[in-house]
Amino acid sequence: MTKFSLLFILVLFPILVWSTDHTAKHYKATRLSGPTPEIDGVLDDPAWQQGEWSGDFIQFEPYHGRSPSQQTKFKILYDDDNIYVAIRAYDSAPDSIVKRLTRRDQSEGDVVAIGFDSYHDLRTAFVFGVNAAGVKFDYMITNDGQNEDFTWDPNWWVRTGTDDQGWMAEMRIPFSQLRFDDNEEGLWGIQVLREIHRFGETSLWSYIPIDAPGLVHRFGTLGGVNGIKPRRVFDVTPYAVSSADRYAAVEGNPFLKGSDHNYKLGMDAKIGLSSNLTMDISINPDFGQVEADPSQVNLTAYETFFEEKRPFFIEGRNISSFNIGLGGGENGNDNLFYSRRIGRRPQGHISVENGAYTDTPGFTNILGAAKMTGRTESGFSVAIIDAVTAKEQAEIDLSGQRSFKMVEPLTNFFVGRMQKEFNDGNSMVGGMFTSVHRRNDDNLAEQMHGAAYSGGLDYSRYFRDRTWQFSVNGAMSHVSGNETAILRTQHSPARYFQRPDASHVDVDASKTSLTGTGGRIQLAKTGGGNWNIFSVITWKSPEFEINDIGYMRESDQIIQVNAVSYREWEPKSFYRTYNIGMNQYSLWNFAGQNLMKGYNLNGFIRYRNYWTTSIGINYNHDIVSTNLLRGGPAFRMPDQTNSWFRVGTDNRKNLVASINGNLTRGSEGYQQSSRVGVGLIYRPLDNLNMSLNPSYLMHSQSLQYVSRTSHGELPRYVFGQIKQEVVSFSFRVNFTILPDLTIQYWGQPFVAAGHYSEFKYITDPMADRLKDRYAILGPDQVTLTHGTYQVDENLDGTIDYQFGKPDFRVQEFLSNLVLRWEYNPGSTIHLVWSQNRSGFAQNGNLQYERSMDDLFSIDAHNTFLIKMTYRIGVR
């Protein structure tokens, strides 16, 4: 396996890719003399008589390289404190300009934007944009366009206006919101963009090939910005929060009286340490306005990955990422840093006496967090994050006597990331280090590590005008704690060292630490033509453990992937663009055992009418699971086929619909799963957006884990046939009263049920046929008594073992209503109403209508919150 993939890389590595060179455009800004322009969206100020207009845009899509359907021009002025930008978007049909009033950073309709590569490093850009309705968006581009960070929210001003020639945008951008070096040349990169919604057309000022592997290195240049000293931002934003909870009181429970009130003060600050380094500080942060995680039912042994939604942690997260998984995305990938570890739900377990009531915190308070990010003149990029979370205790009431037990210790989290560019940004070397230190008590010392460290080095090299990239990284982890905590780590689902057939690992109950390694080697062609190629090997040794501050599902893996895709982007015949891809992949463990082989075909097409279709199929075979028995021996799995599709209508319309689904089939009748989802987006008004996303899942599987027990000296891995149904509706409404005043509602009713039958135990996990790998427990062997299944396996009249009834029905309703008013740039008021209803029954029948009726008869937990922030900016 590894030889094949390494050969694939070595063969592809020296290939030279031809590309055409295009001369970038240049624009010279004009220093403003006289009064500054009033930012009102009307370009009639005397100031705009100064400077030169520039235009001659060129289409990026759909007809790449052609003249745009409508002309655009812009002008740039500056003074000691600000850059002023005027963009004139001509339109021969002004009444057809699409103006949609949305929330900031969610702009729809006709759009213009300007991007500044103020470092002039050919990799980083700061983008300021606005739609025709005046809704602004801003984001930071890093890694030459591979990453876009829409959580970057600088303070700047923009207004738009419309006349009989089209529409216009007028901007004022303080220099303090940009990062740049103090150099005499005053040379920056620059790009200006326009999108015409009704034509699906994007045009650019400076030409970028549509098959270019990056964006920023293709920007034009901006000159004339001379005599400007870099500014240090100093913003302090104190906040105050008041919240009230209302819920059903529980008689006799002193902690559930029916209402709670909380008050909280804190502060966020953004401080410029130098012209290129910025520190963000958050003291006693609050994220009460953040939307709840969606409902899920997880029947695996692994934790669910939840996306980060807290602004402090998502802003600039690309810089602090060290991915050792597949691909370049964040969600679910193995990464040395997973910020949801900070402030998580307390993880400690405590024992209490019968009849005691407990009050356990729902999350761990973050006492303070600091983040330093920036880039130096010599090409060093740096990100440092340090956070301290509080000691959390469960309060216990036993017959009026109160006591406390720790459920989460005082903890320090540290992340440091640095990268250095060479060779005009074509080479990069970097490193990362993380640490976690906990002050555990005796109870928690047996449940979690006292200290955890991870670190890594990475190197990447671009070739042939950045159309090819070779990258390699390696990481090491080290966790320490007492013998019980490290034993738990050895037994955890990530590794299962206790497997009886694992020849390459052993359980050592005397160990007080574990040290492991992981890494990735990757070669990719991502531009310079219609074909893209990707080849990668990743590995994680059995002892590798990063889950104290990172995210990883499983260790003891070597994964190899080869992929090739073809893309056509020039509209022809019945399509506008399409792409087809093929993948081959294999999975091994460190014993050299091949655990899976697989193949994938996928495709996407956008038709002339802007409808889209995507389809794909996976086929996996020779599958061996080392985790199905959750610590038991390896199990030979049936082959599996998974297919999916999605069809979507024209997303430019006021009514957009889509349907998607997937179908999974396991051979030998092992598994059958079908899921279908529908998406509806309706915009009855330019400032009102409503969406509905219902979905239905029906899943049947002959082997669903139930319990591990024993029959005499023999282990018993008990499984059952499961029939599972899940129904979910997600409903969202966005109402924008003004660009800075919005109302957003999200609600999700969710019902999931699972019924178990035909219980069985594993007999020969590697037998040739599936039915020979287990023995079915007959009705005369299994008896259900008071919610417990009792098993008389040998029919001698004696109960040999038992397990709880695993049937379930989960009902949840989550909703969030937020009014957000940015009454001054950086200063906001949030009014929030959250509601949660949840119920559980040991009943595997979905009974949807009854379940929904029951759901809304469950007492609700309502939270009302008001949060006010006020930005104090010092320049």
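1. Accessible areas here come from the Shrake-Rupley method with a 1.4 Å probe. On that basis, the protein chain exposes about 38,200 Å² of surface. Carbon and sulfur atoms make up 54% of this area. Keep in mind that this is a predicted model.

2. Overall build. The protein chain holds five helices and 48 strands. Its C-alpha atoms fill a box of roughly 100 × 70 × 50 Å along the principal axes. The radius of gyration is 29 Å, which agrees with a compact globule, because a globule of 875 residues would come out near 29 Å.

3. Packing. Of the 875 residues, 53% count as buried. Take the contacts with a separation of 6 or more: residues 24 or more positions apart account for 64% of them.

4. Charge. There are 84 positive and 98 negative side chains in the protein chain. The centres of the two sets lie 3 Å apart.

5. Strand β7, residues 125-131, deserves a look. Seven of its seven residues are buried. Both faces are covered. A125, V127, G129 and N131 lie on one side. F126, F128 and V130 lie on the other.

6. Neighbours of β7. Strand β6 (residues 111-117) runs antiparallel to β7, and six bridges join the two. Here I114 has F128 as its bridge partner. Strand β8 (residues 136-142) is also antiparallel to β7, again with six bridges. In that pair, A125 stands opposite I141.

7. The turn. Four residues separate β7 and β8 in their hairpin. G134 takes a positive phi there, near 95°.

Technical notes. Residues numbered from 1 in each chain as written. Predicted model: local features only at pLDDT ≥ 70, side-chain atom pairs only at ≥ 80, totals over all residues. Heavy atoms only, no water. Buried < 20%, exposed > 50% of the residue type's maximum accessible area, 1.4 Å probe, protein only. Pairing = 2+ DSSP bridges. Rg over C-alpha atoms; globule rule 2.2 N^0.38 Å. Contact = heavy atoms within 4.5 Å. Lys, Arg positive; Asp, Glu negative; His and termini not counted. Charge placed at Lys NZ, Arg CZ, Asp CG, Glu CD.
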